[in-house]
Amino acid sequence: MFQCNKTERCINCHDHFQQLRPLVKEIVVSKHFTKDAPDFNVNWIIDCEHLHFTELHKFEEKINGHYIFRALKEKMHFVYSIDKQHRLIFLRAFNNFNTYKKFLMDKRKILSMIECS
């Protein structure tokens, strides 16, 4: 169900995502993400539809055992996580790189969003 096409590797698809993807048991979309990108098709990320993105599944960092990834479509940054319970959680979407970087620096906020999902 959550398997990438073996003949096509996602652009900038990090090994962490490749290893964790088969373990994903649930998909959660946060209220923030829905507000940030109301018309976004999350299936593009879930199904590794790399043709829609400049970057897909770029590993950002690991925070308390939760893996943080990013996808980039035009100038929009989509931040998502695979948590310890193997849930794929869509956290936020940003159309400004600096705002996205500030979000990544706020580890407490990211942990809170993951744990409240």
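Colleague: Which residue takes a positive phi in the hairpin of S3 and S4?
Modeller: Glu74, with phi near 55°. This is a predicted model, by the way. The hairpin has 2 residues between the strands, and S3 and S4 run antiparallel, joined by 7 bridges.

Colleague: What stands opposite Phe78 there?
Modeller: Ala71.

Colleague: And how do S4 and S5 pair?
Modeller: Antiparallel again, over 6 bridges, with Ile82 opposite Leu88 in S5. They form a hairpin too, with 4 residues between the strands, and His86 in that turn has a positive phi of about 65°.

Colleague: How many residues of S4 are buried?
Modeller: 7 of the 7, so S4 is largely enclosed by the rest of the structure. Met76, Phe78, Tyr80 and Ile82 point one way, while His77, Val79 and Ser81 point the other way.

Colleague: What does the side chain of Tyr80 make a polar contact with?
Modeller: The side chain of His57, at 2.8 Å. His57 is in strand S2, residues 55-63, and counts as buried because its relative accessibility is 0%.

Colleague: Switching to helix H4: which of its residues are buried?
Modeller: Tyr100, Phe103 and Leu104. Seen down the axis of H4, they fall within an arc of 100°, so they line one face of the helix. Asn98, Lys102 and Met105 are exposed on the other side.

Colleague: What do the buried ones pack against?
Modeller: Strands S2, S3, S4 and S5, plus helix H5.

Colleague: Which residue caps the N-terminal end of H4?
Modeller: Asn96, with a side-chain oxygen 2.8 Å from the backbone nitrogen of Asn98.

Terms used
Residues are numbered from 1 along each chain as its sequence is written. This is a predicted model: local features need pLDDT of at least 70, side-chain atom pairs count only at pLDDT 80 or more; totals for chains, interfaces and linings use all residues. Side-chain values use heavy atoms; hydrogens and water are left out. Buried means under 20% relative accessible area, exposed over 50%, partly exposed in between (1.4 Å probe, protein chains only). A polar contact is a pair of N or O atoms within 3.5 Å; within protein, one must be able to donate a hydrogen and the other to accept it, and residues adjacent in sequence count only if both atoms are side-chain atoms. The arc is that of the directions from the helix axis to the C-beta atoms. Contact means heavy atoms within 4.5 Å. Two strands pair if DSSP finds at least two bridges between them.
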